[in-house]
Amino acid sequence: MFRFVLGRLTMAIPTLVLVAITVFVLIRLIPGDPAALMLGDASDAQGLAALRERFGLDRSIPEQFAIWVSLLFQGDLGRSIATGHEVLPSIIDRFLVSLRIVVPAIVLGTLVAVPLGMFAAWKQNGLRDVTLVSCATLLLSIPTFWMGMLLLLLFGLHLRWVPIVGYADFSEDPKRAFVYLVLPVLTLFLHELGVILRMARASTLEVLSLDYITHARAKGLPEHVVMWKHAFRNAFGPTWTLLGLILGNLLAGVAVIETVFTIPGLGRLLVDAIFARDYPVIQGCLLFIAAIYILVNLMVDLLYPFFDPRIAAR
Amino acid sequence: MGLNLRYSLASALAGLSVIAAPALAADADTLRVAVHADVASLNPGINRDANSDVVLSHVVEGLVAFGDDLSVKPMLAERWTVNDDSTVYDFHLRSGVAFHDGKPLTADDVVWNFQRYLDPATAFQCVGRYNGQIGPKLTKIEAVDAATVRFTFDASAPNFPTTLATIQCTPWIIGKSSVDAQGAFIKPVGTGPYAFGSMQPGRYLDLVRYAGYAALPGNRDGLAGNKTASIENIRFMTVPDASTRSNGLQAGEIDVIDEVEPTLFDSLKANKITVNIQPTPAWMTLQLQTEAPALSDPRMRQAIAHAIDLKQLSEALGNGLYKPNPSVLSEGTYYYDNAAAAWPAYDPQAARKLAAEAGYKGEAISILVANRQNRVQVATIVQAMLLSAGINSRLDVRDWATQLDQYRSGKYELAIFAYSARLDPLLSFQSLIGDKKAEPTRMWDEKTAAALLEKVEALSEPADRKAVFSELNAEMGKQVPILGLYNIPSVTALAPAVEGYLGWQGGTHRFWGVSKTAN
């Protein structure tokens, strides 16, 4: 196990190096200048040149890259051009905020969607299966920003059950922090519900068609035993892999939801940085996101044998 | 089972609404203002943006400031004198003014501030307007006595008070405790009606009323006048999404939003929301790159000006709120003097004729525009109007950063571009006239214009300046290096509980004098 983890982590190094180089070069190839954006329409060439010099933007790209990499080795992702804040603490703060939306949504989504998906598979082509699949497809088809706005209008503006604007930290006020997270988590939950349900249904259908399930039924085992003891673990494997991808993707930033619900998460930090061409923040965020993807997928791989012992045996 | 489930759901929702109540409750002591992004910086004059200007104008003050009538008024200085050739200014400070740390304002503080702003290490964005890069050089700043500061220039500087009052370029006076022992900025310690409280990036910025504020007598007057704070706290909440801002206002969670789209007026008013519409000199324009081969002939640029019906365009976009204005000089200001009459009027036939005379053969001219909804709408209407006058064009929609990049390099043909409000026409003309080789952002590179600009830069009497501004405007109407479309009003929506809000031509928010009734 240790060698497996070490191997995977070692393999991650070239990936991260490649990401670092690609991000650094690509962001500088896009038109736009952070210094010019800061000055807007009220500046002159000399003022712009001075600001570019201040941020080191007047240096060559290899020189800028060398400086960034040398800081990176010291665990320093630099400072934001736009705000002057240190990049790494900002990313960690924002990531922890995103985590508070994504993890509950995924956990709830899994707890609800997997049993529903298996149920739909069990009742394949029946009215309940068609209804569940239709609902899942509908939820999947509604863009998250639209769903978020509809929920805000209904529960925030018309019913006044939850606030529309703001965010509170659990350390400041746990009750308010909870209330502020209800709608973003609900939005994400509803969207991911559709994705997970469909995957759980498809993989369960595949397992239910296998001989060993027919054999279990032929032995006269009750259906709930067939489903939970024999079908569930094998059917959950592909869903587990999907969950890893979804989790990595969402932790990388749910920018749209964070924007609609005014949540100061990682996605918003990255999007704001892209619009402002805030190079150190963009580079830091993307490198961090790459690392999160690698870690989440490693965790998924490590836990996979729990659901499918054949993997451990290999 | 079904009944139990319904009962449980109802209980959960009722519980949620009880928990939510404190979050939804309005606070009569706090004015909640939604802004679309965090302030770029709290360090006055450094990395500033429009949000920084609004926040800092409550915390820090300059020696002078623009009044409601856009003339320069005293602020921290109670008066000033100038010698005959406008090279030496003496500013006499008001007595009884103290910084938020309790220390009194002295001439030494002003000298320290100007030395700090002139130091290249500070990176003051407008240092060029004081160190001789643009206009005369400030060579000496000295404290004559505890309440008098003397500024000496190397050449006549008749517009120094105007430059000092310019919102984007004001050397705001901060206390020495704003920086640490190494000179690094910590937080703004000013003399304004509000002190900086705290900031949570991505969430909010809090200002707290300064009990020791030394207010000027009289009424509110631009960024000068009486700035007595009424409400205890101001919270600037970062709400990036426009629909969330308007929903939050209607739900009573936000007290003030701005940049309200005209299409929202009816629904806001139906909810007893006050909409304040304030004309400003902010200017939506069609830039015409005179260096581009397709537009180098003035007749072609005049043709384009004749092709665009400014009245129809303004009505279509602004629900009757936008004032069409081709000129730098905006209506309602002292310098206006029917400036629009000097520009080519809407006349598609004249457009066709002039385009033909200029040798136009139907080639498509690019219109560069940022991918913001209102800008693209402007560009689309302009494109349609040009087409109806026989001028073909194509829209090049880019993100704002890309447009700004092309604006800075001068690599475009036509562009939809909005200029922030310049409260004195000289500032606008200075940003438009100049050598394009040295400064590609300049729109008008022409000898007559440069001479007139130089002439008006040496004048300080309003009547004299008005005459030269009119000459410049008339010449601009012939050359058409840029075409104004309309002046952009500042549109602010206020919750029913908000009282005492007044807009002004500067377009920046002023929350001193604003109060809230308890809900």
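Predicted model: local features only at pLDDT ≥ 70, side-chain atom pairs only at ≥ 80, totals over all residues.

Residues are numbered from 1 along each chain as its sequence is written, chains are lettered from A and ligands numbered from 1 in the order in which they are written, and side-chain values use heavy atoms, with hydrogens and water left out.

B:D255 sits in the loop between helix 5 (242–250) and strand 13 (256–258) of chain B; helices (H or I, at least four residues) and strands (E, at least two) are DSSP runs, numbered from the N terminus. With a relative accessible area of 2%, B:D255 is buried, a word that here means under 20% relative accessible area, with exposed meaning over 50% and partly exposed in between (1.4 Å probe, protein chains only). Leaving aside residues up to four places away in sequence, B:D255 touches B:T30, B:L31, B:R32, B:L249, B:A493, B:L494, B:A495, B:V498 and B:K516, contact meaning heavy atoms within 4.5 Å.

Two other loop residues of chain B can be read in the same way. B:T87 lies in the loop between strand 4 (77–82) and strand 5 (88–93) of chain B, and because its relative accessibility is 14%, B:T87 counts as buried. Its contacts, again without residues up to four places away in sequence, are B:F151, B:T152, B:F153, B:A155 and B:S156. B:V127 touches B:Y117 and B:L118 when residues up to four places away in sequence are not counted, and although B:V127 and B:Y117 are ten residues apart along the chain, their C-alpha atoms are separated by 6.8 Å.

Now turn to chain A, which has 14 helices and zero strands. Its C-alpha atoms fill a box of roughly 85 × 55 × 35 Å, taken along the principal axes, and buried residues make up 47% of its 314 residues. Among contacts in chain A between residues at least 6 apart in sequence, 72% join residues at least 24 apart.

The domain assignment divides chain A into domain 1 (2–72) and domain 2 (87–313), such bounds coming from an automatic or database domain assignment. The centres of these two domains of chain A, taken over C-alpha atoms, are separated by 32 Å, and 22 residues of domain 1 are in contact with 16 residues of domain 2. The size of an interface is often given as the accessible area lost when the parts come together. Domain 1 and domain 2 of chain A bury about 1,700 Å² between them, 76% of it on carbon and sulfur atoms, buried area being the accessible area (1.4 Å probe) that two parts lose on being put together, summed over both. A:R8, A:L16 and A:I27 supply 28% of the area that domain 1 buries against domain 2, more than any other three residues. Between these two domains of chain A there are three residue pairs in polar contact (both at pLDDT 80 or more).

How many residues of chain A and of chain B are in contact with each other? The contact involves 51 residues of chain A and 49 residues of chain B, and the two chains bury about 4,100 Å² between them, 59% of it on carbon and sulfur atoms. Two salt bridges are counted between chain A and chain B, a salt bridge being a side-chain nitrogen of Lys or Arg within 4 Å of a carboxyl oxygen of Asp or Glu. A:R277 forms a salt bridge with B:D399, and the closest N and O atoms are 2.8 Å apart. There are also ten residue pairs in polar contact between chain A and chain B (both at pLDDT 80 or more). On the side of chain A that touches chain B, helix 8 of chain A gives the most, with six residues.

Notes. Polar contact = N/O pair within 3.5 Å; in protein donor to acceptor, adjacent residues only side chain to side chain.
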